[in-house]
Amino acid sequence: MKLNIFHKILITMLVVAVIPLVAIWYINYQTTSKHLTLGVEQRLGGISDKLVAAVNDWVTANHKVLNQNGALPEMASMNAGAQNPVLKTVQNEYGWSYLVFTIRPDGMNVGRSDGKEPIDYSDRIYFKQVMDGAPLGKQVVISKTTGKPALILSAPIHKPDKGLVGVIAMGMSLADISDIITKASIGTTGYAFLLDEDGKVVAHQKQEYTSTMADFSKHPAFLGRSNEPVRKLVFEEGGRKIIAHTQKTRHGWTLVAQQDYDEAFRALSEANLSALILLVITLLAVSYIAYLLAQRLARPIRNLTLIAEEISRGRLDIKIQEVNRSDEIGALAAAIERMGVSIRMSLQKLRAKA
């Protein structure tokens with residue numbers, strides 16, 4: 001397709017108008033996207049920080065309870081008769097606990113707050129952790145006492161002259177800490193959940209996940225864990241795009257705060273849509289103005305071209321309207337008109353001589 005002057009003028013004017021508009025839209029989009037992304041990350045991070053602090057404080061407070069009571073002479077005696085009254089008092093004092101008990105180094109249960117027969121705990125992870133030298137043992141289990149998910153915390157019992165003489169442990173309901181986590185509000189689609197070291201659910205909005213300690217070890221928020229205490233990631237879940245903030249607690253659990261990407265960045269989508277609508281309207285207006293201007297510039301040039309062709313065929317009496325213009329096109333029209341007059345005078349002279 002051959003472009004005439006009208007097309008060239010129109011394209012040039014559109015390019016000159018469109019480039020700044022697109023540049024302004026792009027810069028505005030990038031700036032808005034950056035600020036909104038930072039805002040989303042801060043919101044998820046703030047909720048995550050708050051919940052992680054609550055979990056840390058809760059576990060630390062219960063750990064202190066075990067250490068304080070484990071230091072009592074009654075505990076160091078490793079005698080059930082001396083320990084049981086203290087263990088019952090601890091259970092009564094802390095409403096979320098359902099069992100407080102002690103274990104000998106061989107794994108056999110000594111004292112119990114519920115008065116039941118001793119049990120062999122030698123295969124329990126929380127027992128082995130303390131016996132291996134850890135200051136705190138922990139394990140999330142389905143409690144045989146309550147039939148519900150529970151956290152078992154354990155701490156060493158030391159005797160000044162004999163060193164480690166046993167383990168004190170407390171079984172606790174996760175209802176309180178679960179309520180704190182599941183009630184965290186993140187828009188309409190966002191929520192938080194807590195996983196243990198193995199990726200098992202400790203607290204989740206969906207009760208079926210919590211009651212069965214669902215395995216989330218393959219969940220994108222749990223996979224690829226590193227030594228970094230905080231991670232930000234985007235992944236697909238159930239056909240939806242999710243943005244999440246993961247953070248480790250002081251004791252190795254993983255707190256995940258997540259929200260649907262579309263909801264989190266809805267303001268950006270709406271702002272971008274408004275900007276695009278404004279851009280389209282502006283482009284249409286610019287296109288219309290550019291069309292009118294291109295016509296105004298191209299039409300007289302086309303007319304002068306036709307007049308020049310007519311003069312070349314011998315028609316010298318053509319009236320040129322464009323001579324009334326005060327711009328360069330008017331000057332060109334005046335020059336063509338003078339050229340026609342000169343040609344007419346020259347022809348008259350030739351006829352006179354003939």
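**Notes on helix packing and some buried residues**

1. Leu51, Ala54, Val55 and Trp58 in helix H1 meet Ile177, Ile180 and Ile181 in helix H5, where contact means heavy atoms within 4.5 Å. Sorted by class, this contact of H1 with H5 holds seven nonpolar residues, no polar and no charged ones. Here Ala, Val, Leu, Ile, Met, Phe, Trp, Tyr, Cys and Pro count as nonpolar, Asp, Glu, Lys and Arg as charged, and the others, Gly among them, as polar.

2. A word on the model before you go on. It is predicted, with local features needing pLDDT of at least 70 and side-chain atom pairs pLDDT 80 or more, while totals for chains, interfaces and linings use all residues. Residues are numbered from 1 along each chain as its sequence is written, and side-chain values use heavy atoms, leaving out hydrogens and water.

3. How do H1 and H5 lie against each other? H1 covers residues 5–70 and H5 covers residues 175–182; they pack at an angle of about 170 degrees, and their axes are 10 Å apart. That makes H1 roughly antiparallel to H5. (Axes are lines fitted to C-alpha atoms, for helices over the stretch in contact, with angles from 0 to 180 degrees between N-to-C directions; under 35 degrees counts as roughly parallel, over 145 as roughly antiparallel, 65 to 115 as roughly perpendicular and the rest as oblique. Helices, H or I with at least four residues, and strands, E with at least two, are DSSP runs numbered from the N terminus.)

4. On the H8 side, the contact is made by Leu297, Pro300, Ile301, Leu304, Ile307 and Ile311; H9 brings Ile329, Leu332, Ala333, Ile336, Met339 and Ile343. By class, the contact of H8 with H9 has twelve nonpolar residues, with no polar and no charged ones.

5. At the start of H9, a side-chain oxygen of Asp327 reaches to within 3.3 Å of the backbone nitrogen of Ile329. The length of H9 also checks out: at 1.5 Å a residue, its 26 residues should span 38 Å, which agrees with the 38 Å between its end C-alpha atoms. (The expected span is 1.5 Å times one less than the number of residues.)

6. Is Ala335 buried or partly exposed? Ala335 sits in H9 (residues 328–353) and counts as partly exposed because its relative accessibility is 31%. (Buried is under 20% relative accessible area, exposed over 50%, partly exposed in between, with a 1.4 Å probe and protein chains only.) Ala335 and Pro118 are 217 residues apart in sequence and 119 Å apart in space, C-alpha to C-alpha.

7. Now for a charged side chain. Lys138 belongs to strand S3 (residues 137–142) and is buried, with a relative accessible area of 13%. Which side chain makes a polar contact with that of Lys138? It is the side chain of Glu197, at 3.1 Å. (A polar contact is a pair of N or O atoms within 3.5 Å; within protein, one must be able to donate a hydrogen and the other to accept it, and residues adjacent in sequence count only if both atoms are side-chain atoms.) Not counting residues up to four places away in sequence, Lys138 also touches others, among them Tyr126, Ile152, His251 and Trp253.

8. Ile152 counts as buried at 5% relative accessibility. Leaving aside neighbours within four places in sequence, the contacts of Ile152 include Tyr98, Phe101, Lys138 and Met170. The C-alpha atoms of Ile152 and Ser97 are separated by 9.5 Å, although the two residues are 55 apart along the chain.

9. Gln247 in strand S9 (residues 240–248) is also worth a look. Gln247 counts as buried at 12% relative accessibility, and a polar contact of 3.2 Å joins its side chain to that of Asp49. Among the residues that Gln247 touches, not counting those up to four places away in sequence, are Ser48, Val52, Pro229 and Trp253.

10. Finally, two methionines. Met78 has a positive phi of about 50 degrees although it is not a glycine; Met78 is in the loop between H2 (73–76) and H3 (80–93) and counts as buried at 18% relative accessibility. Met213 has a positive phi near 50 degrees, lies in the loop between H6 (207–211) and strand S8 (230–237), and counts as buried at 11%.
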